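Subject: Structure handover

Dear colleague,

I am passing on the structure below, together with some notes on it. Please keep it open beside this email while you read.

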Amino acid sequence: MIYLKENKFLLGFLSLMFVFNCTERLPKVEAVLITEETPYDTDDPAIWVNKKSPSNSIVFGTDKDETNGGIYAFDLNGKIIRNKSILNLSYPNNVDVGYDFKLNDSTTTDILVFTEREKHQIRLYSIPDMKPLDDGGFKVFEDESDISLKRPMGIAIYRNNFTDQTYVILSRKEGPLEGYLYQYLLVPDSLGISSRLVRKFGAFSGKKEIEAIAVDEDLGYVYYSDEDNCIRKYYANPEKGDKELACFGSNYFKRDIEGIAIAKFNNNSGYLIVSNQQANSFAIFDRKTNNYIKELNLGTTETDGCDVTTENLGNLFPNGLFVAMTDSKTFYFHDLKSLELETN
């Protein structure tokens with residue numbers, strides 16, 4: 001006879017089987033719309049909220065190709081905005097947006113950042129005029145001698161609201177068991193903008209790779225997906241040190257923990273929405289406690305990146321917008337209300 005209370009391995013196995021069987025039976029939450037197709041291979045979206053005209057907000061999405069890759073701009077009807085898209089890129093992998101970046105003492109702009117993997121660099125553009133601010137790109141992981149360790153993948157912006165300093169946090173295609181992520185400070189001066197490495201941090205299980213990164217600026221945390229292991233949590237502010245705060249969620253994923261989106265509601269409540277790639281679903285965790293809430297089937301397949309805003313974006317998305325990549329070279333747009341997340 002097997003006593004389950006004394007057999008933690010069996011309990012864990014049965015728990016996983018329960019989760020995966022439930023995932024297969026999840027009802028599908030239909031998207032409001034699916035975007036136009038990109039030419040090659042979509043990967044990661046980022047939502048830019050137009051604060052002056054929310055219904056004219058833009059979703060930027062990466063399309064991976066070594067010579068003809070692009071950052072495609074989509075309107076809220078899912079149509080490509082040609083004059084806001086950036087083409088002829090070398091494997092643009094992940095993308096993020098930031099707000100109120102200080103160009104100088106009197107000028108700020110919203111910004112778009114993305115990794116250009118095969119050129120071992122990141123790019124920086126202003127939004128919405130889409131002008132480059134980086135003189136062709138900032139090289140990253142420059143202290144590595146092995147080319148395989150120089151290829152950036154995931155990227156997230158962190159703005160310190162107390163100092164007005166803006167950072168980018170990067171992962172890569174391959175990396176060591178410690179110091180997998182690099183964090184750079186974006187430094188504006190009279191000569192333009194430069195990037196300065198301020199820390200190397202982040203544990204890695206060694207099982208697959210690290211791609212997805214998301215920053216909760218209000219609470220001060222950075223999360224990233226150690227794909228075949230767990231979601232890891234650290235302080236985003238380098239001055240608070242490099243101690244790992246949590247490694248959670250492993251029991252709720254079939255394989256490949258991928259994109260992370262953070263839905264922020266009142267009183268710092270909200271959720272982490274994380275792609276369970278091989279189960280074609282999303283795991284939902286509480287923003288404050290990181291406790292597991294539920295699983296959702298949003299109709300996407302093999303999802304890498306995702307993003308979310310809780311802002312009212314007008315008639316199509318009055319409750320906020322959730323965007324996820326799918327393997328048909330498109331992105332799915334969901335009204336956030338359809339995810340049935342509590343707002344308080």
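The notes below go through strands, a pocket and some aromatic rings.

This is a predicted model, in which local features need pLDDT of at least 70 and side-chain atom pairs count only at pLDDT 80 or more, while totals for chains, interfaces and linings use all residues. Residues are numbered from 1 along each chain as its sequence is written, and side-chain values use heavy atoms, with hydrogens and water left out.

Some words on strands come before the findings. Strands are DSSP runs of E with at least two residues, numbered from the N terminus, and two of them pair if DSSP finds at least two bridges between them. Strands of a sheet pair through backbone hydrogen bonds, either parallel or antiparallel.

An open sheet is formed by four strands in the order β14-β15-β16-β17, with antiparallel pairing. Its edge strands, each of which pairs on one side only, are β14 (210-216) and β17 (246-248). From one strand to the next the twist averages 20 degrees, where axes are lines fitted to C-alpha atoms and angles run from 0 to 180 degrees between N-to-C directions. Within this sheet, β16 (residues 230-235) is joined to β17 by three bridges, and Arg-232 has Cys-247 in β17 as its bridge partner.

Elsewhere, β12 (residues 178-189) and β13 (residues 192-203) run antiparallel and are joined by 10 bridges, with Ser-194 in β13 as the bridge partner of Val-187. The hairpin that joins β12 to β13 passes through two residues.

For β22, the question is which residues cover its two faces. Cys-306 and Val-308 lie on one side and Asp-307 and Thr-309 on the other, and all are buried, where buried means under 20% relative accessible area, exposed means over 50%, and partly exposed is in between, with a 1.4 Å probe and protein chains only. Four bridges join β22 to β23 (residues 321-326), which run antiparallel, and Thr-309 stands opposite Leu-321 in β23.

The next topic is the largest pocket. A pocket is an open set of points on a 1 Å grid over the protein atoms alone, where a 1.4 Å probe fits, with protein on both sides within 12 Å along at least five of seven lines, and its lining residues have an atom within 4 Å of a point. The largest pocket holds about 990 Å³ of space, a volume being the space filled by probe spheres set on the points. Its lining has 41 residues, and Val-97, Tyr-99, Lys-264, Asp-307 and Val-308 lie nearest its centre. Of the strands, β6 gives the most to this lining, with seven residues.

Finally, there are 18 aromatic pairs, counted where rings of Phe, Tyr and Trp (its six-membered ring) have centres within 6.5 Å, with planes under 30 degrees apart called stacked, over 60 edge-to-face and the rest tilted. Phe-74 and Phe-331 are edge-to-face, because their ring centres are 5.7 Å apart and their planes stand at 65 degrees. Phe-74 lies in β4 (residues 69-74) and Phe-331 in β24 (residues 330-335), so this pair ties together parts that are 257 residues apart in sequence. Phe-74 is buried, at 0% relative accessible area, and Phe-331 is buried, at 0%. Tyr-252 and Tyr-292 are stacked, with 3.8 Å centre to centre and 5 degrees between the planes. Tyr-252 is partly exposed, at 26%, and Tyr-292 is partly exposed, at 26%.

With best wishes
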